[in-house]
Amino acid sequence: MPAASPSPYSMDSSPMNSNAEVSEIDRTRIPFVHTVPAASRILPSASQWNSIELDFNLVPRSENAYHSIPSNYSKSYEFELVVSDKPYFKRFLIILGLLVLVAIGLPLLLHFLPQAHRHKTSPMNFTLAVAHSLNFFDAQKSGRYPTTSPVKFRGISGMEDGNSRNPPVDLKGGFYDSGNNIKFSFPTAYTVTLLSWSVIEYHEKFDDINELDHVKDIIKWGTDYLLKASVRSNSTSNAPVTLYSQVGSTGNGTDPYTDMSCWEKPEDMSYPRPVFACDGTTAADLAGEVVAALSAASIVFRDEKDYSNELVQAAESLYVAATKKGQTTYTSVKACGGEASRVYNSSGFQDELVWGGTWLFFATGNTTFLEYAALNFSAAIKQQDPKEQGVFYWNNKVVATGILLTRLRFFRDLGFPFEIGFKAASDMTEAMICSYLSDKHFHKSPGGLIVLMPDGSPPIQYAATASFLTKLYSDYLELGLQSSVTCGKDGFSLQTMRSFSTSQVRYILGENPMKMSYLVGFGKKYPTHVHHRAASIPKDGKKYSCPEGEQWKTKKEPNPNTLYGAMVAGPDKSDKFSDDRTKPWFTEPTIASNAGLVAALIATHEPPERSFGSKGPNLGIDQERIFSSIHLTPPAP
């Protein structure tokens, strides 16, 4: 730095050399000066980038001979700071000290203030909510129960499943659907697809909260069963496929006790469990959903090549069968889904076929499957029940397929012959998101829960998937450097979209007029009379028959086993809820509904911290994993 010139106000300089005569060299102007540690003096420097250190004589100096010895190598100068007004200087030091104390104390004060004064809403532990919601699937497992399961009131069950067929088939495993002991392949496949999709998009978040292995184990438990439930007659790709749609009975009037009428826990089942089978060619909706599940899961297990290939091969064979002529819904065929129609009645098959074709394209990169999906997407829109427009759940995949095709258009636009389907998908997706946010199409309950099917079952399962899709789409927009969604002349920002998504999740977790968390085991107040056989019957070493089990169904006391992570059916459209085991429309959970909650929770969960210097938005989403099998050849120059 430039050498300081003597100041008449604050600095006195005197040569350290005691000689009176100054040489010509001494008169040479020193352009830059520097110092070295412990030198207590400034030295001539050839560079302005060296540092400078001044001794202001604010503390007593040590007396030694070093200071009186002139240097043989450089001419040094010593400066002395003169404080002309010590009271003012002391005030300066006091004020400086107070500022330092304020700077340190203010953050500490804010840290220890009560939460109510710092947040408009109470904090919620989304990490714990994700862990709980996954535990519910452990409680629903059928077959040889894992000894490592966190759910200790469950055990081995359903080991005879499939033996009632002639010849017998192996249908052990899978998930019990809800509070009963029936296994339905249609909602199981939907559950596996949705969980797989959430992992493909947000595996970084699952990994960051140590739940990635857990959710993958749940997915594999489902796909292992679906592989058993979709059987080819021989090894050729065009071989007929048999789909097993159901194990257990909803009641046909001839058996006194069934899975629906008997209140027994799975480990004690003593009644017949019939098996229902379908032709994969005619049960197109069931086949399409199983294709989607196997295909999406194959991407999750891409690192396990043999298993991933097995899933893809099974999905391809099934899709070939499902897209032949003569398709219908599985519930329209009595021997296939006649009983299932009482619980999971399918209203169409086209949405499952385009859904399955889209996922099979992602799994294989084969544009034949995408072409079917894109060309038939408009037909799927027309076939859906008008009451279900904008709703994503086990019976309607139109809006979810639209999101996936829009993702392709954003990041891998393939052009002809897909552009018509892609355009229809992106237009429908924007309209759907706008309908969630604008209050012009869908109403909200007094407590703020969106009501997508006013005349249907309780709304929280639909609100959960709406939350997931909205947050996911907002992430797609941000990755594409877009800041809002366009709704005619209006628009909604990404923040508005995300606030909606989070508000629906927070409602489910307890921010509602009932002050009730509808996720069992989460928060201070949650349902304790869940409509669930295994949770309501104590694990006391006794086996209770069907008549004996009724006492636990109607008992007024809370369940002896807490069904952690179960999202119950929830409140009605007026926010009213009854914690009553005998009212399943309020208190019964299902695997399909829980899959939607897991997806919403992980989508709205905070992303993991990124390393310093990372580029791009930190959303916790993997933009490229879903495209890992798509290898496009660039056009010739």
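The structure is a predicted model, in which local features need pLDDT of at least 70 and side-chain atom pairs count only at pLDDT 80 or more, while totals for chains, interfaces and linings use all residues. Residues are numbered from 1 along each chain as its sequence is written, and side-chain values use heavy atoms, with hydrogens and water left out.

The model holds 3 disulfides, a disulfide being a pair of cysteine sulfur atoms within 2.5 Å. With the bonded cysteines numbered in sequence order, the pairing reads 1-6, 2-3, 4-5.

Cysteine 262 and cysteine 546 form one of these bonds, with a sulfur-to-sulfur distance of 1.9 Å. The torsion about their S-S bond is about -100°, so this disulfide is left-handed. Because cysteine 262 sits in the loop between β7 (241–247) and β8 (275–279) and cysteine 546 belongs to helix α16 (residues 546–554), the pair ties together parts that are 284 residues apart in sequence. Helices (H or I, at least four residues) and strands (E, at least two) are DSSP runs, numbered from the N terminus. Cysteine 262 is buried, with a relative accessible area of 0%, and cysteine 546 is buried as well, at 6%. Here, buried means under 20% relative accessible area, exposed over 50%, and partly exposed in between (1.4 Å probe, protein chains only).

A disulfide also forms between cysteine 278 and cysteine 336, whose sulfur atoms are 1.6 Å apart. Its S-S torsion is about 85°, so the bond is right-handed. The pair links distant parts of the chain, 58 residues apart, with cysteine 278 in strand β8 and cysteine 336 in helix α8 (residues 334–337). Both cysteine 278 and cysteine 336 are buried.

Cysteine 434 is joined to cysteine 487 by a disulfide with an S to S distance of 1.7 Å. A torsion of about -85° about the S-S bond makes this disulfide left-handed. Distant parts of the chain, 53 residues apart, are linked here: cysteine 434 is in helix α12 (residues 419–438) and cysteine 487 in strand β11 (residues 484–487).

Threonine 470 has its place in helix α13 (residues 460–479) and is buried, with a relative accessible area of 0%. Leaving aside residues up to four places away in sequence, threonine 470 touches Ile433, Tyr436, Met497, Phe500 and Ser501, where contact means heavy atoms within 4.5 Å.

Serine 178 lies in the loop between α3 (126–139) and β5 (183–184) and counts as buried at 3% relative accessibility. The side chain of serine 178 makes a polar contact of 3.2 Å with that of asparagine 180 and one of 3.0 Å with that of glutamate 588. A polar contact is a pair of N or O atoms within 3.5 Å; within protein, one must be able to donate a hydrogen and the other to accept it, and residues adjacent in sequence count only if both atoms are side-chain atoms. Beyond four places in sequence, serine 178 touches Gln140, His532, Glu588, Pro589 and Thr590.

Alanine 284 is found in helix α6 (residues 284–300) and, at 0% relative accessibility, counts as buried. Alanine 284 and alanine 321 are 37 residues apart in sequence, with a C-alpha to C-alpha distance of 8.4 Å. Not counting residues up to four places away in sequence, alanine 284 touches Ala322, Gln327, Thr328, Phe349 and Leu353.
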